[in-house]
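Thanks for sending this one over. Here are my notes, jotted down as I went through it.

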Amino acid sequence: AALIHRADYQQPAYWIRKVELTFDLDPAKTIVGSKLQIERNHAVPHGPLRLHGEELNLLRVLIDGSSVSFRQEGHELIIESAPDADFLLEIRSTCAPEKNTALSGLYTSGGSFFTQCEAEGFRRITYFLDRPDVMAVYTVTLRADAKKYPVLLANGNLQATGELDNGRHFATWHDPFPKPSYLFAVVAGDLVTREQRIRTRAGKDHLLQVYVRRGDLEKTEHAMNSLVASIVWDEARFGLPLDLERFMVVGVSDFNMGAMENKGLNIFNTSALLASPATATDTDFARIESIVAHEYFHNWTGNRVTCRDWFQLSLKEGLTVFRDQEFSMDMAGSPSARAVCRIQDVRALRAVQFPEDSGAMAHPVRPDSYSEINNFYTATVYEKGSEVVRMYQTLVGRKGFEAGMKLYFERHDGQAVTCDDFAAAMADANPGSPLASRLDAFKRWYSQAGTPRVTALGEHDAAARTYTLKLRQHTPATPGQADKLPQVIPVVMGLLDRHGQALALDASGATERTLVLEQAEQSFVFENIEHEPVPSLLRGFSAPVVLDDGLSDAALLVLLRHDSDPFNRWEASQRLALNRILAALRAGQPLVLSSAFIEAMRAVLRHPDLDPAFKELALTLPGEAYIAEQLDVVDPQAIHTAVMSAQTQLAAALRDDWIAAYEANQIQGGYTPDPVSSGKRALANLALSMLVLDAQTTGDTVWPGKAYQRFKDASNMTDRFGALAALVAAQAELAAPALERFHALFKDDALVIDKWFSLQARAPEVDGKVFARAKSLLQHPDFTLKNPNRARSLLASLLLFNPAAFHRTDAAGYVLWAEQVLAIDALNPMLASRISRALDRWSQLAEPYRSAAREAVARVAAKPDLSPDVREIVERALA
Ligand code: DPP
Ligand code: ZN
């Protein structure tokens with residue numbers, strides 16, 4: 001497929017102002033009638049009308065009621081002789097929802113109809129100018145069998161309903177807000193709804209509805225609460241109110257993404273919507289809250305102001321991720337609970353986005369070209385994009401950021417705009433800020449791929465009583481971008497004395513400052529510094545960079561004990577562990593944890609004031625993907641061995657402390673997913689897994705027995721799954737009966753069975769057992785490639801998230817990868833392309849993995865009939 005370039009953007013030759021759609025819904029053959037009010041765009045040269053259309057069967061084309069000559073070429077319907085004046089285009093076509101396994105466009109799931117149009121699914125429903133800068137007002141009529149499809153939904157407000165002949169009925173919906181086609185949605189089916197009314201600050205009443213399948217209603221309370229909280233938060237923090245009479249959320253179990261922000265009619269993967277204490281973990285509860293918020297926040301950042309073209313995707317995604325992260329932090333409450341949110345976000349960024357930024361798929365937050373836009377819904381566009389938005393806030397302050405948002409909406413409400421427009425609003429609302437004076441340089445965050453490396457070198461001059469901090473930056477080359485310019489990097493920092501006391505950084509006595517690193521190398525001098533200080537740099541992870549501050553273990557221990565910034569306290573714990581793991585790997589020696597490290601970890605675990613949630617994060621070792629990032633040549637088996645060895649040693653050395661932590665963090669009473677309780681459960685689960693792991697070494701049977709008992713008796717999924725995970729991770733004998741029992745208990749709950757698959761596929765590898773088990777699960781009667789959640793639960797878990805099970809010296813992992821990518825590609829290209837990314841970074845692998853992985857990628861690339869989605873991934877990997 002052809003490469004599309006950002007620089008080639010042109011406005012469309014025509015605008016579509018009004019759309020009237022009618023759907024005669026039938027799973028085998030749905031008839032779609034479309035009436036489009038079209039006008040020529042006089043700003044661009046005169047040209048034919050070219051409409052997108054895929055997998056459609058065209059019945060009729062009329063202009064102003066008369067037939068017109070047209071031709072179909074590839075995926076386009078071309079009308080050469082469109083009128084100069086405004087005209088009405090009428091099109092009738094059909095599509096086949098039940099054959100739509102790609103889950104893009106109109107499809108069926110569980111006997112109901114759903115749509116997914118972002119990015120380019122609308123063209124699989126009807127012929128259209130399917131691009132985000134074409135915004136129209138939609139009126140939609142759905143006609144369907146009244147018994148099978150009692151609920152008929154579309155965007156906006158309900159205008160009319162009624163009976164038709166032959167047991168059919170109809171509903172007409174009107175959305176007053178002009179929108180791009182990617183925000184269009186319809187739903188038809190036998191669904192039930194939870195309702196709630198809410199009054200916004202202006203005194204307007206709104207109806208909130210959550211629609212799900214019969215039987216799932218009691219699992220929607222948390223989503224509804226999250227929606228109400230999101231509405232309240234967006235009005236309080238940004239003054240952005242709900243703008244429709246009715247806001248609907250619908251759950252569907254076959255869905256490619258987490259959820260979709262269609263105007264007034266959000267469609268959710270059930271995995272991002274349904275939760276009950278018995279079936280969902282604390283992590284699920286938190287994820288649902290953040291995704292409900294994310295989609296709701298898109299109503300302004302994405303829908304009211306949308307993207308001019310898909311290269312600007314981060315305009316809405318980076319900003320909306322930032323907003324949902326801020327929301328989750330505000331919901332968490334205490335400073336330490338906020339820090340826990342931040343740590344989790346950064347951990348996810350490092351586990352997924354950093355590797356992306358150093359692999360074959362590295363691309364800027366605002367990409368320059370793509371062949372399949374679906375491939376660019378990435379961690380870079382979302383998570384790094386969010387970090388870029390966070391840096392605006394760091395540079396202009398929270399109030400300044402709110403002023404920038406206000407100006408952005410004043411200027412652009414109702415428009416399709418670019419990342420440059422957002423940057424301009426932020427700078428113009430904050431003249432004199434450190435952002436405004438270096439906006440062009442700051443915008444390199446949008447154009448340069450790769451994670452900058454920052455090196456810090458401190459020099460204390462005892463005679464002059466000064467401390468000079470020399471910062472250097474360098475961004476490594478990425479595909480298509482050999483040379484990089486310096487980035488604008490806000491470095492929030494402080495200095496501690498060796499007892500951990502915060503030092504005054506200037507005459508005002510301030511103990512924290514934001515340095516702006518903007519050159520390749522820059523020095524910052526601090527006066528009146530008596531003794532060599534310990535620098536605490538990049539507090540709160542103030543920029544998405546890799547920092548090498550060369551700190552000694554002694555300095556890291558000071559930070560771990562005393563830093564006022566909880567993020568950097570956590571970071572110190574991770575660096576202490578990482579340094580040891582990397583030293584062992586580089587020396588090719590077995591890893592031995594020093595007693596200083598063990599004692600530091602013991603002190604954290606025993607600390608009277610630290611939150612359990614923080615302890616759990618500090619005592620969790622860095623992820624294998626993040627460790628791989630630090631190495632030029634990656635041996636996944638060696639990394640896994642080192643991590644497992646560190647874990648086994650921590651389990652043994654702190655055994656009594658784990659027991660104490662386990663016992664101290666039991667919760668009496670009912671389940672609530674609040675940050676304090678979930679922190680306790682997380683620490684108790686970590687302690688339990690350590691104790692069961694240690695039992696495997698010592699032959700102890702008490703702790704595996706206790707874990708099994710807890711698994712059986714648990715009153716919530718977090719505890720039950722934690723105990724099961726402890727047994728599975730340690731390969732305890734009781735793992736098999738526990739897994740069997742778990743399956744029997746939850747065999748009718750698809751989302752829980754997904755967890756059952758994923759737990760087994762993500763378990764720490766021992767002697768190829770995990771790989772063998774995962775492979776055999778492909779034959780399990782509950783397994784299917786057709787449901788994306790199920791396919792991901794087994795295959796993404798194994799291929800993307802379990803490097804030691806996947807990368808094998810016999811290359812069996814790569815053979816499985818190739819086979820499954822091809823099998824999924826025939827059904828669902830978007831899903832296949834996600835899985836195909838498991839070998840993005842083959843060139844960094846050590847031999848024999850490297851050659852075998854390359855061969856597997858080349859084998860897939862040699863197939864002639866790949867989807868454009870997978871083709872783009874494998875060709876970039878081989879480039
Ligand atoms: N549904 C996806 C999201 O909300 C794409 N917009 O991020
Ligand atoms: Zn989004």
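Predicted model: local features only at pLDDT ≥ 70, side-chain atom pairs only at ≥ 80, totals over all residues.

1. Residues are numbered from 1 along each chain as its sequence is written, while chains are lettered from A and ligands numbered from 1 in the order in which they are written.

2. Look at the open sheet, which has three antiparallel strands in the order β28-β27-β30. Strands here are DSSP E runs of at least two residues, helices are H or I runs of at least four, and both are numbered from the N terminus; pairing takes at least two DSSP bridges. Because β28 (513–517) and β30 (534–536) are the edge strands with a single partner each, one side of each has no neighbour in the sheet.

3. Now for one pairing up close: β27 (residues 489–496) joins β30 through three bridges, antiparallel. L495 has P535 of β30 as its bridge partner.

4. Helix α9 (residues 553–562) lies across β27 and β30, at about 55° to β30. Angles run from 0 to 180 degrees between N-to-C directions of axes fitted to C-alpha atoms, for helices over the stretch in contact. Contact means C-beta atoms, placed from the backbone, within 7 Å.

5. Helices α14 (residues 636–653) and α16 (residues 675–698) cross at roughly 95°, their axes coming within 9 Å. They are therefore roughly perpendicular (65 to 115 degrees). On the α14 side, Q647, T648, L650, A651 and A652 meet M690, L693, D694 and T697 of α16.

Technical notes
Contact = placed C-beta atoms within 7 Å. Parallel < 35°, antiparallel > 145°, perpendicular 65-115°, else oblique.
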